[in-house]
Amino acid sequence: MTSRRDFFKFAGIAGGAVAASSVSRVAMAALPEPVIQSSSNTMAPVVPNTGRPYNPVVTLNGWTLPWRMNQGVKEFHLVAEPVVREMAPGMKAHLWGYNGQSPGPTIEVVEGDRVRIFVTNKLPEHTSIHWHGQRLPNGMDGVAGLTQPTIQPGDTFVYEFVARRPGTFMYHPHADEMVQMAMGMMGFWVTHPKARHPLIDEVQRDFCFLLSAYDIEPGAATPKVAEMTEFNMWTWNSRVFPGIDSLNVRLNDKVRIRIGNLSMTNHPMHVHGHEFVVTGTDGGPTPKSARWPEVTTDVAVGQMRQIEFVADEEGDWAFHCHKSHHTMNAMGHSVPTLIGVDHSGLAKKINNLIPDYMAMGERGMADMAEMEMPIPDNTLPMMTGQGPFGSVEMGGMFSVLKVRRDQKPGDYKDPGWFKHPEGTVARKYTGPIAEPARFSAEGGQSMPRVRKPAAPTEVNVRKPTSHGEH
Ligand SMILES: [Cu+2]
């Protein structure tokens, strides 16, 4: 059994975690101390010091919940509570989560473990927890009203079941779901195999994160919970680029990334420079005959995907959702297209009324990433993030897979930007340039050659008349 001191030591491994002081000694005898995390950094993997051994996961901008062994049962303590989550430097959101953060801590157990989870409700309303994807007794499934009464504010419930199958799972409330998930209540769950599994490979790096989305008006801090479609913060573990840590691996490491989607739309997840296979879902490991190479895989709502690849190409590889609106932060989603529109005269007139107004968009929107456009407090620029060559012009669901020859085994530290070997970076061409042959103007092989040059294109603008004749 883990003593109180051991428990603190263990909590220390998770880094910067502090035990809540509000729990009395009497309560502590019966309950594992709730460990609270105040940092949004990626914590080092928690190597198990009790129970069956396993290769731990790394939760992107998150952490793993310490446990105590109590007569062969793994005991965890989750506290549902309001939290402040920094989404990226410069923007803090007022969310609901578990043990100090949104998402809550990752729970890691081993196939066959008997697990007991205490859930204390410090929210202003009732809640429950559903253990997504688990085989368990019906009464432990966490559906308020259907399989259990709700956990009232101030109450603690206990869930207990055996983690029967290995895999990638998550947890979230099944009570006032729309509000509680829109506020950030969710967490990851990994059940490691108890022995070598024919469909579960050993990997050197194992990352996990949840996809979620928020609608937080520029200048505000609390999500609009009734939002159905118009989200403006597309997050991995309630963080947005450039606040999402990079995934740092050693050259030729086998890498597994586990992704769960608790947002309201699908996310095609795309890795540069490598091909991966989907090795499992929340339904379990994928049969080998059903795996094929991909560079993008869609993670639909309520689904989980495990992707795996050998990181055998050095460099800084983009890793992101392929929906371009999901790699942007707040602001600008309703900006009209102004490409090709000269509105410089207009800007001068508007400037008389609004001195801060900037004319933007007539050459595209990249200007917005480079200019310091004034934005409300607690709001992130739409596209941002400095790379070694300038603005990355991204936000939201974007990060970087950093593959390095000299990254130490088990070291997850950010190695900094990739130093490209001489002559391997796309560069400005300064030699002579021949006029490009316009194949179509000459007529292709299957088309007759056009002898006389085509007349200059004339555009007749016909305004609709009241008679509708033209
Ligand atoms: Cu997306």
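Visitor: Where does Pro103 lie?
Guide: Pro103 lies in the loop between β6 (91-98) and β7 (107-110), where strands are DSSP runs of E with at least two residues, numbered from the N terminus. This is a predicted model, in which local features need pLDDT of at least 70 and side-chain atom pairs count only at pLDDT 80 or more, while totals for chains, interfaces and linings use all residues. Residues are numbered from 1 along each chain as its sequence is written.

Visitor: And which peptide bond there is cis?
Guide: The bond from Ser102 to Pro103 is cis, with omega near -5°. A cis peptide bond also joins Phe241 and Pro242, with omega about 10°, and Pro242 lies in the loop between β14 (233-236) and β15.

Visitor: What order do the strands have in the open sheet of five?
Guide: The order is β15-β25-β22-β17-β20, with mixed pairing; two strands pair if DSSP finds at least two bridges between them. Because β15 (247-250) and β20 (296-299) stand at the edges with a single partner strand each, one side of each is left without a neighbour in the sheet.

Visitor: How many bridges link β17 and β20?
Guide: Strand β17 (residues 267-271) pairs with β20 over four bridges in the antiparallel sense, and His270 stands opposite Thr296 in β20.

Visitor: New topic: is Gln71 buried or exposed?
Guide: Gln71 is exposed, with 7 other C-beta atoms within 10 Å; by that count, with C-beta atoms placed from the backbone, 12 or fewer means exposed, 20 or more means buried, and in between is partly exposed. Gln71 has a positive phi near 50°, although it is a residue other than glycine.
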